[in-house]
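Please consult it alongside the sequence and the structure shown here.

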Amino acid sequence: MKSLGLALTILFLSSFNTLSQSPQPSRSSVMKNWDVWVGDWTLVGMAKDSPTMAEYKVTWQLHETQILGGTFIQVDQIWQGSGPEQRALEILSYDPVKRRASLNGFSSDGSTWIGTATFSGLNCIETGTTTTADGKYLAWRADWTFSKDRMHVSVSQEMEQDGVKWTAFTARGSKVQESIAKH
């Protein structure tokens with residue numbers, strides 16, 4: 001009886017040890033597409049919060065880092081425009097069930113957004129919805145184009161609310177530096 005208990009204990013411990021040493025999952029090719037963003041970026045352009053509001057100059061700073069073994073990318077953002085400085089956190093990921101690149105964001109003004117991305121060469125198209133702090137919904141599409149060396153980017157984002165569309169912002173930017181830290 002003791003030898004059976006010892007054998008079961010050894011079997012259990014060896015199974016646990018095997019499970020705990022399983023290899024890291026490989027990064028999907030979609031997550032590798034997101035890597036273009038890893039580093040520090042500064043974008044400058046024009047923005048418009050609604051179709052009836054005036055345009056204003058905006059500076060947008062992005063700090064992007066691989067996290068959790070590269071299975072996600074964390075985007076820390078600072079948006080400086082017409083009002084108070086806004087900060088945001090965005091997580092870029094791959095949804096293996098829906099087989100698509102996804103993004104989820106949270107802003108210091110209380111708004112949140114979800115979206116998906118499609119990559120084609122030097123272009124990325126993101127589409128999604130934003131829920132504002134007061135509960136309004138906005139649909140959006142952002143068209144990103146990278147330079148061949150992937151150190152420069154241009155973007156144009158269209159918004160739609162209650163059937164009215166407008167250009168929410170256009171900007172150009174450069175990668176300031178590659179991110180060294182991978183968490």
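Is W34 buried or exposed? W34 is buried, with a relative accessible area of 0%; buried stands for under 20% relative accessible area, exposed for over 50%, and partly exposed for the range in between, with a 1.4 Å probe and protein chains only. The model is a predicted one, in which local features need pLDDT of at least 70 and side-chain atom pairs count only at pLDDT 80 or more, whereas totals for chains, interfaces and linings use all residues. Residues are numbered from 1 along each chain as its sequence is written, and side-chain values use heavy atoms, with hydrogens and water left out.

**Overall architecture**

- The protein contains two helices and 10 strands; helices (H or I, at least four residues) and strands (E, at least two) are DSSP runs numbered from the N terminus.
- Along the sequence, these elements follow the pattern α-α-β-β-β-β-β-β-β-β-β-β.
- Of the 183 residues in the protein, 34% are buried.
- The protein exposes about 11,200 Å², of which carbon and sulfur atoms supply 58%; accessible areas come from the Shrake-Rupley method with a 1.4 Å probe, and for residues only the protein chains shown count as cover.
- Among contacts between residues at least 6 apart in sequence, 34% join residues at least 24 apart, a contact being heavy atoms within 4.5 Å.

**Nonpolar core**

- The largest nonpolar core has 35 residues, and W34, W37, L43 and W144 touch the most other members. A nonpolar core is a set of buried Ala, Val, Leu, Ile, Met, Phe, Trp, Tyr and Cys residues joined through side-chain atoms within 4.5 Å.
- Strand β8 (residues 137-146) provides the largest share of this core, namely five residues.
- Apart from neighbours within four places in sequence, W37 is in contact with L62, E64, W144, F146 and V153.

**Aromatic pairs**

- The structure holds nine aromatic pairs. Rings of Phe, Tyr and Trp (its six-membered ring) pair if their centres lie within 6.5 Å; planes under 30 degrees apart count as stacked, over 60 as edge-to-face and the rest as tilted.
- W34 and F119 form an edge-to-face aromatic pair, with 5.1 Å from centre to centre and 90 degrees between the planes.
- Because W34 lies in helix α2 (residues 29-34) and F119 in strand β6 (residues 112-120), this pair ties together parts that are 85 residues apart in sequence.
- F119 is partly exposed, with a relative accessible area of 23%, whereas W34 is buried.
- One aromatic cluster is formed by W37, W41, W60, W79, W144, F146 and F169.

**Surroundings of C124**

- C124 is located in strand β7 (residues 123-131) and is buried, at a relative accessible area of 1%.
- Not counting residues up to four places away in sequence, C124 touches A117, T118, F119, A142, D143 and W144.
- The C-alpha atoms of C124 and T145 are separated by 6.6 Å, although the two residues are 21 residues apart along the chain.

**Surroundings of Q77**

- Q77 belongs to strand β3 (residues 72-80) and is buried, with a relative accessible area of 9%.
- The side chains of Q77 and W60 are joined by a polar contact of 3.1 Å. A polar contact is a pair of N or O atoms within 3.5 Å; within protein, one must be able to donate a hydrogen and the other to accept it, and residues adjacent in sequence count only if both atoms are side-chain atoms.
- Leaving out residues up to four places away in sequence, Q77 touches W60, Q61, L62, Q86, R87, A88, E90 and W113.

**Salt bridges**

- The count comes to three salt bridges, each defined as a side-chain nitrogen of Lys or Arg within 4 Å of a carboxyl oxygen of Asp or Glu.
- E85 forms a salt bridge with R87, and the closest N and O atoms are 3.2 Å apart; E85 is partly exposed at 39% relative accessibility, and R87 is partly exposed at 45%.
- K136 and D134 meet through their side chains in a salt bridge of 3.7 Å, N to O; K136 is partly exposed at 44%, whereas D134 is exposed at 54%.
- D143 and R141 form a salt bridge of 3.0 Å, N to O; D143 is partly exposed at 28%, and R141 is partly exposed at 37%.
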